[in-house]
Amino acid sequence: MTFWEIIQHDFIFYIINLIIFVTVVLVTWLFAKSKQLETVSKLKTQLEYLKMQQNDKLFDLEDKYKKKQESLRLILKELESNYKTNDKDMVEARRNELSNVFLLEYKDAVHKYARLADQYFAEYRPRHREFVQNHIFPFLDTSRKILSAINTPQIMQMVGGQPIKYSYQDFDFAFDLIRKNMFMFDNFRADLKKYMKALGFKPSELDKQHV
Amino acid sequence: MTEINLNFMHPTYGTTFNADIDSSFTVEEMITNLLHSGFLPPNDEGYQLALRKQIFDSNSTFDSIENLYDGDIIRIVTGNQAQDNSSAQLVVNLKHPTKGIVLDLQVSPDIIASDLIQMVLDKGFIQGLSDQYTLVTKGLNELNADQPLSSAQVSHQDFIQIVQIGSSAMPAIAPMLYTMSQQLEQLETGMTKELDLIKSNMPALNTIPIDAKRAINPTEEAYQSIDSIVGRLRSDAKLPPLKPIRSINFMPFLITVGIIALIIGFYFFLKAITLFY
């Protein structure tokens with residue numbers, strides 16, 4: 001008997017075996033797929049829950065840094081009123097207080113907020129960029145204003161002190177976040193350089209290694 | 001076997017010992033049990049049991065004693081006291097000057113106040129000297145030291161208050177209770193009025209309560225931003241105001257130029273093709 005005659009002779013046996021094989025494979029595949037979908041949905045739920053928790057944390061940190069900003073504004077107001085009344089001791093005290101609160105409280109609060117936001121928006125580039133535009137640049141703006149107020153010549157003359165300078169490390173988190181979102185022909189690069197100059201840093205310091 | 005619950009009063013301290021005893025016990029057996037238990041110290045004159053005016057025979061059983069009920073206080077008297085008490089006709093309840101405890105004693109109606117105070121002192125019910133105390137009978141009558149009880153019309157089971165000289169005499173209980181109840185009523189009325197006042201001042205249930213933390217507290221001073229404060233400081237120092245840092249974004253301009261260039265290029269390309277063909 002030839003090969004095809006053998007096949008024709010046992011045709012039904014081969015068909016039935018094929019059907020069984022296909023059925024087993026299909027059932028196994030369907031079972032595995034359902035398990036996969038179940039695991040994926042569980043992970044999605046967990047992810048959503050974590051996102052919600054992070055969201056709450058984010059709002060909480062935003063509130064905190066805004067409170068610190070408000071306290072800076074009040075201290076600055078006090079500094080101005082003491083300066084107008086020529087109270088040298090109070091001006092000196094307020095100047096020091098302003099610098100301390102800015103560096104130890106406000107900057108730290110913004111740093112924590114930025115750190116969480118960086119992780120939270122890591123997968124969403126447009127939101128990351130938006131965060132930098134809405135929070136990091138305003139932070140640098142506030143910083144240069146505070147620095148300008150602290151180092152006003154009349155105030156320094158009154159208290160007899162030296163100009164206060166901050167170090168690159170105090171602002172490196174902000175500069176790094178801006179650099180992450182820079183594109184070619186972007187205004188971010190130009191703004192960053194201007195803010196660095198306003199804060200007393202050279203744009204070339206960006207390329208140096210800071211430990 | 002029937003049991004009876006009785007309290008046995010110590011002859012010296014007036015403290016009581018409560019026990020459920022078999023009513024077939026004799027008085028002597030009970031005294032022996034009290035001695036063995038340590039409640040009574042050994043006494044050469046021995047002890048006897050008495051209830052009100054009656055002194056029990058040592059050989060009599062408890063179930064043979066008349067008018068003996070559950071909760072009765074049996075006084076334990078020494079041999080001497082039993083002899084003294086045999087002629088006594090009066091049981092008086094003496095109230096401690098500061099604590100709310102009562103000592104009942106069987107005394108002669110002719111006993112004078114100072115002797116009665118001394119008797120109470122000997123029993124250890126009160127401390128000090130007899131001239132530090134005085135006795136006050138019903139109706140706030142104070143007995144003189146050498147006045148007998150019979151002259152103050154003290155009758156059987158009457159209460160006599162022992163008062164320390166120098167402290168105020170205790171007023172009668174009935175007027176005290178009356179004033180207390182009046183005070184309570186006044187307190188209740190006052191409290192009800194206050195509650196009504198509080199309820200009337202509370203906002204209606206359907207109004208949203210003000211959240212004190214978020215309520216805006218307007219002040220006369222206008223809000224001054226960091227910008228304006230820094231601007232004023234700089235103007236005082238004759239410095240120019242800080243300019244806002246806002247660079248021009250060339251990206252939209254370049255995209256627009258690119259699109260226009262593409263359109264123009266495409267136009268010329270089409271023109272070139274038509275020229276050839």
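Two strands count as paired if DSSP finds at least two bridges between them; helices (H or I, at least four residues) and strands (E, at least two) are DSSP runs, numbered from the N terminus. The model is predicted, so that local features need pLDDT of at least 70 and side-chain atom pairs count only at pLDDT 80 or more, while totals for chains, interfaces and linings use all residues. Residues are numbered from 1 along each chain as its sequence is written, and chains are lettered from A and ligands numbered from 1 in the order in which they are written.

**Sheet of chain B**
- An open, mixed sheet of chain B has five strands in the order 2-1-5-3-4.
- Strand 2 (16-22) and strand 4 (54-55) of chain B are its edges, each pairing on one side only.
- Strand 3 (residues 47-51) and strand 5 (residues 73-78) of chain B run antiparallel and are joined by four bridges; B:A50 has B:R75 of strand 5 as its bridge partner.

**Contact between the chains**
- Chain B gives 18 residues and chain A 19 residues to the contact, where two residues touch if their C-beta atoms, placed from the backbone, lie within 7 Å.
- On the side of chain B, helix 5 gives the largest share, eight residues.

**Positive phi**
- Most residues other than glycine have a negative phi.
- A:N86, not a glycine, has a positive phi of about 60°, and lies in the loop between helix 2 (11-84) and helix 3 (88-120) of chain A.
- B:K238, also not a glycine, has a positive phi of about 60°, and lies in the loop between helix 5 and helix 6 of chain B.
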